[in-house]
Amino acid sequence: MSAREDILNRIASALRDSPATPEIPRNYRRATTMTAEQRLEQLVDRLRDYKANVFVVPAAGAPAKLAELLAGTASIVVPHRLPEDWLSTLLSVGKDDAGSPAVEVDSPERRLTVAELDAVDAVVTAAAVAVSETGTIMLDGSPSQGRRIISLVPDRHICLLRTADIVEVLPEAIARLDATSPQTWISGPSATSDIELERVEGVHGPRTLDVVILT
Amino acid sequence: MSNTFLGMPTLPVFGSGNLNATEPFPKAAHRELGNAQLRANLGHATHTIRDKRLKVVAELPDWEEMRDAGSAIKNATMAKLPALLEQFEANFTARGGIIHWARDAQEANEIVTGLIRATGETEVVKVKSMATQEIGLNEYLQEQGIAAFETDLAELIVQLDHDKPSHILVPAIHKNRDQIREIFLREMEDVDPGLSNEPARLAEAARRHLRRKFLTAKVAISGANFGLADTGTLTVVESEGNGRMCLTLPETLITVMGIEKLLPLWTDLEVFMQLLPRSSTGERMNPYTSLWTGVTPGDGPQSVHLVMLDNGRTAALADEMGRTALNCIRCSACMNVCPVYERTGGHAYGSTYPGPIGAILSPLMTGIKSEENNSLPYASSLCGACFDACPVKINIPEILVHLRGEDVDSQRARVKVPTQMDLMMKGAEWAFSDGGHLNLLEKGLPLGKLVAGRDKVIKKLPGLAGKWTQSRDIPAPPGQSFRQWWAKEHRAPSGVEAGESAEGDQA
Ligand code: SF4
């Protein structure tokens, strides 16, 4: 008998008392009760609590904010479908000024190697959705966010988020996401509490997380 | 699909690996209690997490509703486990993942070794996983000439120190910063000799030490926190980014997951990803959660394996009273609130699973007859703090009592000859089974007065009862029983004898 059959048999035998399958009481909150402003405020508060840098700017101000954040940065990587206007800003930043960063685009045609990614200073991505109650930003690997590796290896992650993509509670985010897409949920920069339970930000993942929220 | 079982019932097959204590709990606890440093570190740590947990749990108005949902989802999972496993398998496989089944620790270790050998690699990176620790994978791989590098900071500390984890969430909870610095200076060949004991500096040393390993690793091994049956998705919850590194960079990913880790629906994750982080680290959400479903072309490992592990889980499932122990999501809240754990630490439990949950899960998986684990159900004061803290409402005290009963039964089966305790219990059974029997016995009460003598205290009794009187005195029994007194005071006009009306009184 294969191990699979054997185990399934053991389970069936273990359950020979046919335990009842209970109804699932879903009486917890599954939808927001907050206004968009309250969600924004809550998200900012929670992200700062995790020691992320948060900037709230009008959508039109995004290029200027990015230029400011990237001043003095030698190189960055972006996913190939970063929204058109953000990408062009980055590319123009790269072109105009000798001191601005070189922009590498990671695309299905040209995937950056681990070594190349390790050499860039920052990554700029979009986000799929964010949960204000827990201060969580979710990436789902769509072309505006790129492969999981690009938001992992560079030491700084700049994440752009639209207010329309901020929900209050986790069930709302789950409803928006496709389970089978490769996801990374991010709540602050990497951290550890393994030494005397003292939280220290910055271990293996990006040590700096900048979140730019566009209103 | 119905679970109706038509085949021959099989006897439970127990688990092996690091589930057994190497010595009985009382002995180990006695030694660990002598370690003042350990107790100071543990006391500080458990109290810190406890407070954080209470704070973030109090923030949610619907925490209890979430616990109710979590508990029901896990009970439903166990009730239809075969169908869910098959559903998970179909979904995971459809997206390019490969599933292997392992009956026990040995089989799981062999499968993983075979998969690593097939890649030609002799080094693997590992993300913290209880299941691989349970099966003793690192030790097994070492024997096979494969080096497994733990990448979680706490696991790294423990591995570098050739020690064992003492807490399922913070495995190095028993070490303080000075001890950790000393371990790094001694064991990391690339370490800065001027390393300070500041946690930030220590974390940085770990980052440097592991970075090159991550960037060059070809094979990674992980556990999984949840497997979602309706989509075939796996989940790893972590903080440092070592998990993301292991799950994203290598070409081959091998995950070892217990068969009980499934949830029926993707939607169920909305409950568990609220329950888990708040209960375990006392955070609103852990820094990183990774989800993957088989292989994503061009993104992450292209060779993705999952080993589904039994190793005694089906034996736990067969215990109708104990099976809810499998609902455990390994948050560690129960150990952080446990007065016994707080003082003895995790090592005293021997098994990979310490604390209150370990005290029930280990003997359920190995069988209560396992010599060393049969003392575990007694490692509790039954105060109930664990039950209150448990996000999936596992009634640990009730299962502890149930297992104590099992242990007593198994001990009895072993000796065959009825012990004095048995005889006393048999006697009690007889006495309390019938009011008439009790009446008869109560007539003997004045005899107790005789044994007690003038000072009305019984100092010494023969036999097993003698052990009881070795350390305490028993007041002499009164001249009459409550029942005799009651009967005298309320003599029924019809003359009904007290003993005959007693049936209804046994509320
Ligand atoms: S038994 Fe409950 S409290 Fe203890 S680790 Fe498991 S889920 Fe957490």
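These questions and answers walk through parts of a predicted model.

User: How many helices and strands does chain B have?
Analyst: Helices and strands are both present in chain B. The count is 23 helices and 12 strands.

User: What share of the residues in chain B is buried?
Analyst: Chain B has 507 residues. A residue is buried if its relative accessible area is under 20%. In chain B, the buried share is 56%.

User: Among contacts in chain B between residues at least 6 apart in sequence, what percentage join residues at least 24 apart?
Analyst: Contact means heavy atoms within 4.5 Å. Take the contacts in chain B between residues at least 6 apart in sequence.

User: Are helices α9 and α10 of chain B roughly parallel or roughly antiparallel?
Analyst: Helix α9 of chain B covers residues 177–187, and α10 covers residues 199–216. Their axes come within 11 Å and cross at roughly 30°. Angles under 35 degrees count as roughly parallel, so α9(B) and α10(B) are roughly parallel.

User: Is the crossing of α9(B) and α10(B) left-handed or right-handed?
Analyst: The handedness describes how one helix is turned from the other. For α9(B) and α10(B), the crossing is left-handed.

User: Which residues of α10(B) meet α9(B), and how many nonpolar, polar and charged residues does the contact have?
Analyst: From α9(B) come B:Arg177, B:Ile180, B:Arg181 and B:Phe184. They meet B:Pro199, B:Leu202, B:Ala205 and B:Ala206 in α10(B). By class, the contact of α9(B) with α10(B) has six nonpolar, no polar and two charged residues.

User: Is A:Thr134 buried or exposed?
Analyst: A:Thr134 sits in the loop between β5 (129–131) and β6 (136–139) of chain A. Its relative accessible area is 3%. Buried means under 20%, so A:Thr134 is buried.

User: Which side chain makes a polar contact with the side chain of A:Thr134?
Analyst: Set aside residues up to four places away in sequence, and A:Thr134 touches residues including A:Tyr50 and B:Arg284. The polar contact has a distance of 2.7 Å. The partner is the side chain of A:Thr136.

User: Which residues of chain B are in contact with A:Glu198?
Analyst: A:Glu198 lies in the loop between β10 (191–192) and β11 (200–201) of chain A. This residue is partly exposed, with a relative accessible area of 37%. Leaving aside neighbours within four places in sequence, its contacts in chain A are A:Thr192 and A:Ser193. In chain B they are B:Arg177 and B:Pro199.

User: What distance separates the C-alpha atoms of A:Glu198 and A:Asp121?
Analyst: Along the chain, A:Glu198 and A:Asp121 are 77 residues apart. Their C-alpha atoms are separated by 27 Å.

Methods:
Residues are numbered from 1 along each chain as its sequence is written. Chains are lettered from A and ligands numbered from 1 in the order in which they are written. This is a predicted model: local features need pLDDT of at least 70, side-chain atom pairs count only at pLDDT 80 or more; totals for chains, interfaces and linings use all residues. Side-chain values use heavy atoms; hydrogens and water are left out. Axes are lines fitted to C-alpha atoms, for helices over the stretch in contact, and angles run from 0 to 180 degrees between N-to-C directions. Helices (H or I, at least four residues) and strands (E, at least two) are DSSP runs, numbered from the N terminus. Angles under 35 degrees count as roughly parallel, over 145 as roughly antiparallel, 65 to 115 as roughly perpendicular and the rest as oblique. Ala, Val, Leu, Ile, Met, Phe, Trp, Tyr, Cys and Pro count as nonpolar, Asp, Glu, Lys and Arg as charged, and the others, Gly among them, as polar. Buried means under 20% relative accessible area, exposed over 50%, partly exposed in between (1.4 Å probe, protein chains only). A polar contact is a pair of N or O atoms within 3.5 Å; within protein, one must be able to donate a hydrogen and the other to accept it, and residues adjacent in sequence count only if both atoms are side-chain atoms.
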